[in-house]
Amino acid sequence: METTGLARDDRIISAAVYRLDARGEVEDHWYTMVNPERDPGPVWIHGLTSEALEGAPLFQDIAEEFATRLEGRVLVAHNAVFDWQMIAREYARAQREAPVRQRLCTIALSKELGLPLPNHKLESLAAHFGVVQQRAHHALDDARVLAEAFRPSLAAAAAGGVRLPLHECRPLTEWADRPVPHIGQQSSGYGSYRPSSWRPSRKRPVCPYPNPGRYEDGKPLKQGMRIAFSGDTSVERELLEDRAVEAGLHVATSLSRLTSLLVTNDPDSGTSKVVKARQYGTPVVDEAAFGQLLRDVEPADG
């Protein structure tokens, strides 16, 4: 699945589904582009321009077909919480309910299996199992790669008695979007996805909320918290940072005693941020857990 970005009001622009049987064998596959009715976002990543998407069906036009392929199935995805959030929002916009009740994240599964991956990108999981990527960030090829890598993962879990990391999917029942640029238009100022203005500068507005302190396990994030990132992420780092900023968090470029949380998929690495986090006792979570925390950020005091 490809999207216009990572924020709550971003849209799906292409979707692909490979349906597998209980052994992980492919039953069939399906792909469609989707007109997001807004700016297509980071074209330099997914390659889908406004012109390419203008004649594509709207999500409500493909919702039924998509639903027939999801119903009664476990949603398997790389960083599955993100895919589920996007799907749930699209169905809520269409005043429907996504027919998914469980999801499985292949990042979490690779950790459970103890796979010796250099990072948690899909390309690394694919390389580990000898799966060749042909078109990275193309929904259909990404789905194929994931399906081919999931089959041996499923077999390894069965052979090792590893419990599959399944999570409940709770659908949204209502949704309201904020105004965004329509397809064929470009936004301006912060949040613009024009490569000429957004990518190089990376200038961010000052976080308007005071730092409430460190993140505490089991509690929600709070607006104003200082978030640092270290190492590779399965989605583009810049988009992940933008999503944090939109939630009211302060993205820090370095780690200090004031840092509320470090997000890293490799807490055992020797990067300067990880080392400092150990020294300062800074809480650490992985990308998937951070994605879940972003779903419910507590408002700042006052």
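**Entry 1**

I start with a definition: two strands pair if DSSP finds at least two bridges between them. I keep in mind that I am looking at a predicted model.

I looked up valine 74 and found that its bridge partner in β5 is glutamine 102. I then asked how many bridges join β4 and strand β5. There are four, and the two strands, the latter made of residues 102-105, pair in the parallel sense.

I stayed with α5 and picked out lysine 111. It forms a salt bridge with aspartate 286, and the closest N and O atoms are 2.3 Å apart. Why does this pair tie together parts that are 175 residues apart in sequence? Lysine 111 lies in helix α5 (residues 106-113), while aspartate 286 sits in the loop between β10 (284-285) and α10 (287-293), so the bridge links those two parts. I checked how open each residue is: lysine 111 is partly exposed at 34% relative accessibility, and aspartate 286 is partly exposed too, with a relative accessible area of 23%.

**Entry 1: more charged pairs**

A reminder to myself: side chains of opposite charge can pair when their charged atoms come close. I found the count of salt bridges in this model to be 19.

One of them joins the side chains of arginine 11 and glutamate 37, at 4.0 Å from N to O. Arginine 11 is in the loop between β1 (2-3) and β2 (12-20), and glutamate 37 is in the loop between β3 (26-33) and α1 (43-46), so this bridge ties together parts 26 residues apart in sequence. Is arginine 11 buried or exposed? I noted it as buried, with a relative accessible area of 9%, whereas glutamate 37 counts as partly exposed at 33%.

Another bridge joins arginine 144 to aspartate 141, with the closest N and O atoms 2.7 Å apart. Both residues lie in helix α7 (residues 139-160), three residues apart, which is about one turn of the helix. I found arginine 144 buried at 14% relative accessible area, and aspartate 141 buried at 7%.

Last, I turned to β9 (residues 261-264). Which way do its side chains point? Leu261 and Val263 point one way, Leu262 and Thr264 point the other way, and all are buried.

I then looked for the partners of β9. Strand β7 (residues 226-230) runs parallel to β9, and four bridges join them; phenylalanine 229 has valine 263 as its bridge partner in β9. β9 also pairs with β10 in the parallel sense, over two bridges, and here the partner of valine 263 is valine 285. Finally, I noted that β9, helix α9 (residues 272-280) and β10 make a right-handed β-α-β unit.

Key:
Residues are numbered from 1 along each chain as its sequence is written. This is a predicted model: local features need pLDDT of at least 70, side-chain atom pairs count only at pLDDT 80 or more; totals for chains, interfaces and linings use all residues. Side-chain values use heavy atoms; hydrogens and water are left out. Buried means under 20% relative accessible area, exposed over 50%, partly exposed in between (1.4 Å probe, protein chains only). A crossover is right-handed if, with the strands pointing away from the viewer, the path from the first strand over the helix to the second runs clockwise.
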